[in-house]
Amino acid sequence: MPRVASKICGLSTADTLDAAIAGGASHVGFVFFPQSPRHLTFEKAAGLAARVPERVGRVGVLVDPDDALIDAAIAAGRLDAVQLHKTGRERAAAIAGRSKLPIWIAVAVRTRADLDQAQAWRGIAERIVYDAKTPEDALPGGMGLRFDWKLLDGFAHPLPWALSGGLSPDNVGEAIGVTGARMVDVSSGVESAPGVKDVDKIARFLQAVARS
Ligand SMILES: O=C(O)c1ccccc1NCC(=O)[C@H](O)[C@H](O)COP(=O)(O)O
């Protein structure tokens with residue numbers, strides 16, 4: 001088991017899912033957001049979820065979802081956790097109560113002040129995913145953007161957390177060294193084109209994490 005856990009997000013094919021599992025990912029991410037090039041139909045998610053062994057967590061990535069979407073995603077993806085983007089505190093608490101699953105909250109970071117939002121999630125979220133803030137008209141994640149990792153220096157994390165945003169096989173070792181992250185999350189950094197995961201990049205990313 002590597003010292004640092006990894007979530008490979010936005011998987012949509014059996015071969016890239018298998019590469020993430022074989023490479024030692026602790027979690028795999030399934031995106032349920034039609035605007036994303038990584039969006040999964042429920043049928044596809046069910047097929048992928050069936051390939052994931054018990055030791056690997058299945059995380060559903062959703063953007064302010066309604067109950068019908070949450071319920072269908074949990075069932076199809078056999079989810080172990082729900083990662084929420086752009087979802088308010090009350091709504092996230094309702095989703096936690098309804099789903100009985102751990103909630104991961106994406107906190108969009110550009111400045112040090114953005115980190116303070118993490119405090120509000122005590123008692124609701126199991127984990128904070130610090131991700132780079134994206135432009136208003138863009139996807140809330142999976143954009144390959146990174147924030148200044150130094151912003152995390154000395155920050156008193158209220159909850160377990162993961163580092164995300166613009167990570168790649170070439171920079172993840174440095175990112176772990178600078179931030180002390182115990183979990184990292186990647187999507188576009190292990191792709192050859194938006195939504196197209198690359199088995200070699202996935203393997204290189206997980207090897208770099210294992211070395212750090
Ligand atoms: O990846 C998506 O398409 C996506 C769409 C809508 C909301 C969230 C999304 N991704 C969330 C993730 O967990 C990504 O892994 C994270 O944003 C990092 O992405 P990247 O910078 O491309 O590694």
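**View 1. Alanine 210 counts as partly exposed because it has 15 C-beta neighbours inside 10 Å.** A quick word on the burial labels: a residue is buried if 20 or more other C-beta atoms lie within 10 Å of its own, exposed if 12 or fewer, and partly exposed in between, with C-beta atoms placed from the backbone. What you're looking at is a predicted model, where local features need pLDDT of at least 70, side-chain atom pairs count only at pLDDT 80 or more, and totals for chains, interfaces and linings use all residues. Residues are numbered from 1 along each chain as its sequence is written. Alanine 210 sits in helix H7 (residues 199-211). Helices (H or I, at least four residues) and strands (E, at least two) are DSSP runs, numbered from the N terminus. Glycine 23 is 187 residues away from alanine 210 in sequence, yet the two are 9.4 Å apart in space, C-alpha to C-alpha.

**View 2. Valine 209 is also found in helix H7.** Is valine 209 buried or exposed? With 27 other C-beta atoms within 10 Å, valine 209 is buried. Leucine 151 is 58 residues from valine 209 in sequence and 21 Å from it in space, C-alpha to C-alpha.

**View 3. Eight strands form a closed barrel.** Follow them around in the order S1-S2-S3-S4-S5-S6-S7-S8, with parallel pairing. Two strands pair, by the way, if DSSP finds at least two bridges between them. Direction ignored, neighbouring strands of this sheet are turned by 25 degrees against each other on average. For that angle, axes are lines fitted to C-alpha atoms (for helices, over the stretch in contact), and angles run from 0 to 180 degrees between N-to-C directions.

**View 4. Strand S1 (residues 5-9) is mostly covered.** Four of its five residues are buried. S1 pairs with S8 in the parallel sense over four bridges, and alanine 5 stands opposite methionine 183 in S8. S1 also pairs in the parallel sense with S2, over three bridges; here lysine 7 stands opposite histidine 27 in S2. To get from S1 to S2, the chain passes through helix H1 (residues 14-23), making a right-handed β-α-β crossover. Right-handed says that, with the strands pointing away from the viewer, the path from the first strand over the helix to the second runs clockwise.

**View 5. Strand S2 (residues 27-32) runs parallel to strand S3 (residues 57-63).** How many bridges join S2 to S3? There are six bridges between S2 and S3. Histidine 27 faces glycine 57 in S3.

**View 6. Strand S7 (residues 161-164) has buried residues pointing both ways.** Trp161 and Leu163 point one way, Ala162 and Ser164 the other, and all are buried. In a regular strand, side chains alternate between the two faces of the sheet. Three bridges link S7 to strand S6 (residues 127-132), and the two run parallel. Across from tryptophan 161 in S7 stands isoleucine 128. S7 and S8 pair in the parallel sense over two bridges, with aspartate 185 in S8 as the bridge partner of serine 164. S7, helix H6 (residues 172-179) and S8 together make a right-handed β-α-β unit.

**View 7. There are 27 residues around the ligand.** Cys9, Ser36, Gly141, Gly142 and Ser188 come nearest. A residue is counted as near a molecule or strand if its C-beta atom, placed from the backbone, lies within 6 Å of it. S2, S3 and strand S8 (183-186) each supply at least two residues of the shell. By class, the shell has eleven nonpolar, 13 polar and three charged residues. Ala, Val, Leu, Ile, Met, Phe, Trp, Tyr, Cys and Pro count as nonpolar, Asp, Glu, Lys and Arg as charged, and the others, Gly among them, as polar.

**View 8. Arginine 78 has a positive phi of about 45 degrees, although it is not a glycine.** Where is arginine 78? Look in the loop between helix H3 (67-77) and strand S4 (81-85). Arginine 78 is partly exposed because it has 15 other C-beta atoms within 10 Å.

**View 9. Lysine 86 is another residue other than glycine with a positive phi, near 50 degrees.** Find lysine 86 in the loop between S4 and helix H4 (89-99). Lysine 86 has 12 other C-beta atoms within 10 Å, so it is exposed.
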